[in-house]
Every structure is written in structure tokens, then in C-alpha cells.
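Please look through the sequence and the model shown below before reading on. The report that follows takes a few places in turn and describes the surroundings of each.

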Amino acid sequence: MAIKNAYLLDLLARTEKRNPGEPEFIQAVTEVLSTLEPVIEKRQDLVDAGVLERLVEPERQIIFRVPWIDDNGKPHVNRGFRVQFNSAIGPYKGGIRLHPSVNLGIIKFLGFEQTFKNSLTTLPMGGGKGGSDFDPKGKSDNEIMNFCQSFMTELYRHIGADVDVPAGDIGVGAREVGYMFGQYKRIRDEWVGVLTGKGLTYGGSLARKEATGFGLCYFTKEMLTANGTSFEGKTVLVSGSGHVAIYACQKATEFGAKVVAMSDSNGYIYDKNGIDLDCIKQIKEVERKRISEYVKYHADAEYHEGCKGIWTIPCDIALPCATQNEIDGESAKILVKNGCKVVSEGANMPSTPEAIDTYLSNGLLYGPAKAANAGGVATSGLEMSQNSLRLSWSFDEVDERLKGIMKSIFKACDEASKEYGMPGNYMAGANIAGFIKVAEAMKAQGNV
Ligand code: NDP
């Protein structure tokens with residue numbers, strides 16, 4: 001959607017000038033601003049209070065050196081980041097990403113998105129994100145621990161249970177969170193819920209591991225139901241094979257769909273009989289191997305090198321759950337041509353602006369990431385509540401709360417899209433609903 005409002009265009013130009021070389025951040029800001037025009041027209045008070053200028057500027061950006069030693073005694077240096085984007089409605093909250101592609105612009109785009117996502121969850125959490133260009137692939141447990149301890153040796157002074165509560169993201173699961181939590185506790189000498197995604201023996205929440213993928217399917221189910229359809233009997237593509245993808249595949253299958261493809265950063269598998277998820281869990285979660293191994297156990301399945309090819313498989317529903325910009329305009333057109341009717345995003349910003357335009361102009365149901373994948377951070381919020389209460393809730397209790405939250409997120413997106421004259425445009429609905437709550441809080445707290 002193109003921006004026409006002169007004030008928003010000027011704000012975008014100033015943001016571009018101030019943040020050179022950060023295309024993902026500018027892409028995320030452009031997407032949000034492109035949907036805020038009707039709000040700005042009604043709410044001059046928010047413009048006068050400088051809310052938007054402050055929203056696109058992180059409150060704090062921390063960059064630090066992370067030295068560590070590999071198993072051969074060789075020293076290495078990576079770069080660590082924590083961007084504390086917005087604390088208007090609660091302590092900063094957002095994951096840590098370990099991937100060689102990580103840079104400041106990527107962490108800023110994720111922190112910016114997180115601000116709106118956390119607002120949509122209805123829980124009191126601000127937006128933040130962190131990470132490092134460290135590549136966990138092929139590293140031993142000892143090297144991962146060594147890196148995580150070094151990372152936390154700087155990060156500890158910037159976070160806290162009421163200040164900033166990191167979690168997992170790409171390359172960070174329970175193992176990495178455990179090493180970081182242990183180091184924080186050792187330095188600070190306090191046991192507090194300073195990280196979420198912890199192991200179940202030390203304050204982690206049941207259903208946190210499953211939450212983003214399950215939540216994605218709960219949101220998508222609401223969207224399908226509101227539009228007179230369902231998962232039942234549908235053919236589904238799920239990209240990625242990490243935390244989000246695995247549990248999206250599980251829940252979509254439970255809802256009666258057939259998932260026929262999954263991927264990793266090397267290639268994708270196609271199994272016309274439906275993905276054998278136990279086999280994927282064994283390969284990816286237990287053995288930490290490549291997805292290509294799948295065809296060794298399933299002779300009927302195919303493996304293809306390259307990530308984009310997955311979007312050429314005919315499907316009814318696409319659930320991108322790997323990484324940003326994984327569906328470009330060309331892939332979106334192929335999806336549409338092959339009959340895809342729904343795209344719902346597990347990954348953060350997996351669709352390029354051209355892809356989103358293609359979905360909207362062809363009448364697809366489009367579940368935007370900041371709403372559809374908010375179940376992970378929502379359950380992290382529930383983990384924080386359990387830690388503060390010194391209680392643990394059962395799996396079913398957490399799952400029920402997650403369902404309720406995803407339902408209310410869909411309702412908020414749907415209602416905002418209707419109220420602001422864009423019915424069915426859930427991207428606009430998510431941006432507007434997320435924005436209004438944060439903007440009101442920022443205005444009420446004065447020019448800080
Ligand atoms: P994982 O590290 O568990 O899995 C990531 C998956 O995506 C892996 O299969 C990985 O393949 C693949 N992948 C990563 N980078 C690329 C790339 N450049 N090209 C192609 N494939 C790639 O991460 P998560 O499942 O936790 O995260 C996936 C997405 O979901 C991210 O966008 C994340 O920000 C988002 N998200 C995660 C949440 C969570 O709770 N974990 C919450 C909300 C959003 P390989 O193994 O080869 O690297």
C-alpha cells in the first residue's frame with residue numbers, strides 16, 4: 001500500500017535519512033506507516049504529541065563485543081546487539097537471534113515489529129530485540145555455552161525482570177536460554193524471571209515451545225472461520241523446520257489439514273502423503289541434522305535444493321515460518337496461480353511488500369506476522385506471570401489462555417480493519433490496533 005499522506009511521507013523520508021543501510025528496518029516502518037493514514041487523519045493529537053517520531057526511534061541501542069574461545073583454543077569475536085525499542089506499555093520484551101545475517105538493521109526491524117505485536121497480545125510488554133552474528137550451526141555444546149556466557153556477561157547489566165526480558169528466536173532455544181539464564185544468575189546472584197523460554201525444571205512454562213506454531217494456527221483458524229472456511233481437508237505448505245514450523249505443522253494437521261512440505265536453509269522436502277512430523281522432530285530437534293535426511297526414511301518423498309522452490313508446490317494455505325522476505329513478489333504470484341487462498345505468517349516479515357500487494361490484490365486471506373505469530377511472546381508473558389506468582393500452570397491451562405489471546409488478537413485486527421474502512425485487511429487492522437494502544441500510552445506519559 002502506497003503512502004499518500006504528506007506528514008507520513010515526510011516522516012518516512014526523515015527515518016530513511018537517519019537510518020542508512022538498514023533496508024529491513026525501513027521496510028517494516030514503511031509497512032506500518034502505509035496503514036496509519038486513516039488514524040492520523042482522525043487523531044491529530046497523536047501527531048501533535050510527536051508520538052510517531054518517537055515510535056520510529058528506539059529508546060536505546062546497545063552494541064557490544066562478544067569474545068569467545070572455540071574447542072581448539074582459538075579466540076573469536078562476534079558482535080552483540082540489544083535494541084530496547086519501546087517501553088510505553090511494559091518492560092522491553094523480545095527474543096535473541098543468533099544467525100550470521102544479524103546486523104543492527106535486522107534487530108531494529110524486529111524490535112519495531114515487536115512493539116506492535118506485544119501491544120496486540122493485551123499483556124503489559126514493551127518491544128525489544130537482540131542477537132548476534134554468531135553462527136550456532138556446527139558448534140559443540142561447549143562452544144555454544146562459551147558464547148552464551150560471554151554474551152550475557154555484557155547483556156546482564158542492561159536487562160532485568162522489570163526492565164527487559166529476552167527470549168529465544170532463530171538459533172536460540174531452551175539450550176541457549178539455559179546457558180544465558182545460568183550466567184545471569186551467577187553474575188547477579190538472584191533468581192528472577194529475566195528470560196523466557198526457560199527449561200521446565202527452572203521456571204519455564206509448559207506450552208511455550210509449542211506456542212508460536214500453535215498460536216499461528218489458532219489465529220489462522222479464527223480468520224478462516226470468519227471467512228466461512230476451515231483447515232479441514234486443505235493442503236498446506238510450512239517453510240522452515242525450527243521451533244515455529246514444527247508446531248505449526250502439528251496443529252494444522254490436528255485441525256484436519258495435510259502439510260505436504262517443509263524446508264531448512266538448504267532446501268525443501270515434498271511428501272505428497274503428508275509430512276511425518278515425528279521424523280522431522282527426530283532429525284531437527286534431536287539429531288540437529290539437515291532436512292534432506294527425511295528422504296532416507298520416506299522413499300516417496302522428494303528433496304530439492306534451494307528455499308524458494310517450496311512456494312511452487314500447489315497448496316490452499318501457505319504458512320511461512322522460516323525468516324524475513326522468504327516470499328517475494330514472484331513466489332507470491334506463483335502461489336496465487338496455483339490456487340493458494342491463504343497466507344498466514346509464523347516468521348517475522350516473511351513477505352516482501354510486492355508479495356503482500358499480490359495477496360491483497362488477489363483477495364487472499366492474509367494473516368500478518370505481528371498478529372499471527374504473537375502467540376510465542378504472549379506465552380512468554382504468561383511465563384513471566386507464573387515466575388512472579390511462583391506458580392506453574394498446567395499445559396492445558398496455558399494452552400487455553402493462548403487460544404483466548406489469539407482469538408482476541410484476531411477480533412482486534414478484524415474490528416480495527418472495519419472501523420478504519422479497510423474490512424478484511426488484517427495487516428492494516430493489526431498495525432492500527434497495535435499502534436493505538438502504544439500511542440495512547442506514549443501520549444499520556446509525556447514527551448519522554
Ligand atoms: P529456528 O532457529 O528454530 O528455525 C528457523 C528455521 O528457519 C530453520 O529451519 C532454518 O533453517 C530456517 N531458516 C533460518 N534462516 C533462514 C534463511 N535465511 N533462509 C531459509 N531458511 C532459513 O527459529 P524459529 O522457528 O524460532 O523462528 C522462525 C521465525 O519465526 C523467525 O522469523 C522468528 O523471528 C519468528 N518467530 C519466532 C518466535 C519463537 O517463539 N521462536 C516467535 C515469533 C516469531 P536452518 O536450520 O537451515 O538454519
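## A residue in a loop

Is Thr 35 buried or exposed? Thr 35 is buried, because its relative accessible area is 0%, where buried means under 20% relative accessible area, exposed means over 50%, and partly exposed lies in between, with a 1.4 Å probe and protein chains only. This is a predicted model, in which local features need pLDDT of at least 70 and side-chain atom pairs count only at pLDDT 80 or more, while totals for chains, interfaces and linings use all residues. Residues are numbered from 1 along each chain as its sequence is written, and side-chain values use heavy atoms, with hydrogens and water left out.

Thr 35 sits in the loop between helix 2 and helix 3 (37-42); helices (H or I, at least four residues) and strands (E, at least two) are DSSP runs, numbered from the N terminus. When residues up to four places away in sequence are not counted, Thr 35 touches Met 1, Met 422, Met 427, Ala 428, Asn 431 and Ile 432, a contact being heavy atoms within 4.5 Å. The side chain of Thr 35 also reaches the backbone oxygen of Val 32, at 2.8 Å.

Ala 28 belongs to helix 2 (residues 23-33), and with a relative accessible area of 0% it is buried. Leaving aside residues up to four places away in sequence, Ala 28 touches Phe 109, Phe 112, Glu 113 and Met 349.

Strand 4 (residues 126-132) is mostly covered, as seven of its seven residues are buried. In a regular strand the side chains alternate between the two faces of the sheet. In strand 4, Gly 126, Gly 128, Gly 130 and Ser 132 lie on one side and Gly 127, Lys 129 and Gly 131 on the other, and all of them are buried.

Strand 2 (residues 75-86) is joined to strand 4 by six bridges, and the two run antiparallel, whereas strand 3 (residues 92-98) is joined to strand 4 by five bridges, and these two run parallel. Two strands pair if DSSP finds at least two bridges between them. Within strand 4, Gly 131 stands opposite Phe 81, and Gly 131 is also the bridge partner of Arg 97.

## Around the ligand

Which residues come nearest to the ligand? Of the 26 residues around it, these are Asp 169, Thr 212, His 243, Ser 265 and Arg 290, where a residue is near a molecule if one of its heavy atoms lies within 4 Å of it. The residues of this shell divide into six nonpolar, 13 polar and seven charged; Ala, Val, Leu, Ile, Met, Phe, Trp, Tyr, Cys and Pro count as nonpolar, Asp, Glu, Lys and Arg as charged, and the others, Gly among them, as polar.

A polar side-chain atom of Arg 290 lies 2.4 Å from an oxygen atom of the ligand, and polar side-chain atoms of Lys 137 and of Arg 208 each lie 3.1 Å from a ligand oxygen atom. A polar contact is a pair of N or O atoms within 3.5 Å; within protein, one must be able to donate a hydrogen and the other to accept it, and residues adjacent in sequence count only if both atoms are side-chain atoms.
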